Amino acid sequence: MLIEDHSEIGTPVHCGECISGLACESLDLDLPDHVISKRVHGIRVIFPDGTEKRLTEEGYVLEKHLFERWIADEAVSAGASVHLSHKLSSMKRVENGRFAGWMCDGKGEQFPIQAKIVIDASGVAAVCSKTVKLEQGVPLNTMGKVVAGMQYEMLEVPTDGYLDFYIWPKYAEKGYLWMIPKCDGRANVGLVTEDRPRAKKALDEFIEITHFKELEQVPPPWKEKGNPAFGGTIPISGPFENTHHDGLMLVGDAAGFTSPLFEGGSHLALKSAVYAAETAAAAIAEGDLSAERLAIYPELWKDEFPPYDKILRGKNALFDLTDEEMSLMARCFPDEMSNMGVSGKAMVGLRLLVRRPGLYFKRIVPAMLAFGYSRAKYYGW
Ligand SMILES: Cc1cc2nc3c(=O)[nH]c(=O)nc-3n(C[C@H](O)[C@H](O)[C@H](O)COP(=O)(O)OP(=O)(O)OC[C@H]3O[C@@H](n4cnc5c(N)ncnc54)[C@H](O)[C@@H]3O)c2cc1C
């Protein structure tokens, strides 16, 4: 049983809408044409002085709401029932000598719903982390930090099929700005920033000083009225401490699974959902819904997902650099960063050492490695 608090699946869209080809392969997704807006060649990173470097890897920009509807339809074909306008608000343990499931309540005609296992895919709302209590009434997880992301759809945006990611801390503090091209000259132009109150102003200022200034902003096709800007928040504190409990698993943003540098989350969300679904099916078949039985789930995602703390260290080291230092580092990178092997990295190190030896003390190596870890292979997008 699938419940969704909105009256339709997939809207409002709160995503830049890109997903790598590698993600689709690893998830065995055979995307139908109507969910693909554009095929893209990878990411071009643009540093503060305008230096451009590429991370070439093929992928897609989706019509994300159509993609999510397609996923939901696939679930229905596999036997699921979908219940829109159903908002979960509380869960009570069902005990029958031992743990026997959850009695879920909320707004929507199907409630109360008794479930053997709940998979929390509620995104940044992380509903079960707040409603499910451990001993002494402590919530399952304490909420971490979130950053703000917002974007406009624009028309007639020039593109050569790369996603443009601008690392310009002046506009996007500890974040970045993007141009994600879509079909028919459309594109998402947006940013993610730790300076939440200034997000819209900073995006407008960025647009004002770039070639985007001349372009028309329109509401996206799924949005009929109101402000054309759309977006949301992204968890940035890393995986939650407890991603499972008796009869419960957390997936995607609800578990804090996002990639630290470019904050992609769709691949991580879908992969964790596969692990949770497989774990749930096996546990239900065995009639054991306990936390001990579901403990395989965190083992699976920990084995698969890249080490968050390590990438975060790289991101922090990157944002410890001044704009000038960041640009200098970028000028030492090869034009194509996706296949920088050990010798490529050593070469960058050497160039830097010659030009600015002092940068070595600013943890330039982790900053450099952060780009490698942002590739699709490491769930970067
Ligand atoms: C501006 C922006 C741009 C981004 N760009 C990208 C990108 O280009 N590529 C990428 O990979 N990632 C991107 N991300 C991150 C990505 O969107 C998320 O990581 C991803 O959507 C997480 O999927 P999810 O299924 O875990 O959660 P969500 O997509 O947030 O889905 C959660 C669903 O649960 C529903 N829900 C919430 N509470 C309840 C409740 N109590 N009861 C019932 N239903 C509930 C919500 O309505 C929602 O439909 C971006 C994020 C933002 C904000």
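Me: A salt bridge here is a side-chain nitrogen of Lys or Arg within 4 Å of a carboxyl oxygen of Asp or Glu. How many of those does the structure hold?

Reply: It holds 22 salt bridges. Bear in mind that this is a predicted model, where local features need pLDDT of at least 70 and side-chain atom pairs count only at pLDDT 80 or more, while totals for chains, interfaces and linings use all residues. Side-chain values use heavy atoms, with hydrogens and water left out, and residues are numbered from 1 along each chain as its sequence is written.

Me: Why is the Arg54 and Glu336 pair called a salt bridge?

Reply: Their side chains meet at 3.7 Å, N to O, which is within the salt-bridge limit, so the name applies. The general idea is simple: side chains of opposite charge can pair when their charged atoms come close.

Me: And what makes that pair a link between distant parts of the chain?

Reply: Arg54 sits in strand S4 (residues 52-62), and Glu336 in the loop between helix H9 (323-332) and helix H10 (342-355), 282 residues apart. Helices (H or I, at least four residues) and strands (E, at least two) are DSSP runs, numbered from the N terminus.

Me: Is Arg54 buried, partly exposed or exposed, and how do you know?

Reply: Buried means under 20% relative accessible area, exposed over 50%, and partly exposed in between, with a 1.4 Å probe and protein chains only. Arg54 has 32%, so it lands in the middle class, partly exposed.

Me: What are the closest N and O atoms doing in Arg93 and Asp246?

Reply: They are 2.9 Å apart, and the two residues form a salt bridge. Arg93 lies in strand S6, while Asp246 is in the loop between strand S16 (244-245) and strand S17 (248-250), so the pair ties together parts that are 153 residues apart in sequence.

Me: Which class does each of the two partners, Arg93 and Asp246, fall in?

Reply: Arg93, at 37% relative accessibility, counts as partly exposed. Asp246, at 14%, is on the buried side of the cut-off.

Me: What makes Lys315 and Glu263 a tie between parts of the chain?

Reply: Lys315 forms a salt bridge with Glu263, closest N and O atoms 2.9 Å apart. Lys315 is in helix H8 (residues 308-320) and Glu263 in the loop between S17 and H5, so the pair joins parts that are 52 residues apart in sequence. Both Lys315 and Glu263 are buried.

Me: Which residues are linked in a network of salt bridges?

Reply: Glu17, Glu63, Glu153, Lys182 and Arg186.

Me: On to the ligand: which residues come nearest?

Reply: Glu4, Asp5, His14, Gly16 and Asp253, out of 28 residues around the ligand. A residue gets into that shell if one of its heavy atoms lies within 4 Å of the molecule.

Me: Which elements each supply at least two residues of the shell?

Reply: Strand S6 (87-95), strand S15 (230-235) and helix H5 (266-286) do.

Me: What is remarked on at Ala126 and Lys174?

Reply: Most residues other than glycine have a negative phi, and most peptide bonds are trans. Ala126 has phi near 45°, and Lys174 has a positive phi of about 50°. Ala126 is buried at 1% relative accessibility, whereas Lys174 is partly exposed at 33%.

Me: Which peptide bonds are cis, and what is omega there?

Reply: Thr11 to Pro12 is cis, with omega near -5°, and Phe111 to Pro112 is cis too, with omega about -5°. Pro12 lies in the loop between strand S1 (2-3) and strand S2 (18-20). Pro112 is in the loop between strand S7 (99-107) and strand S8 (113-115).
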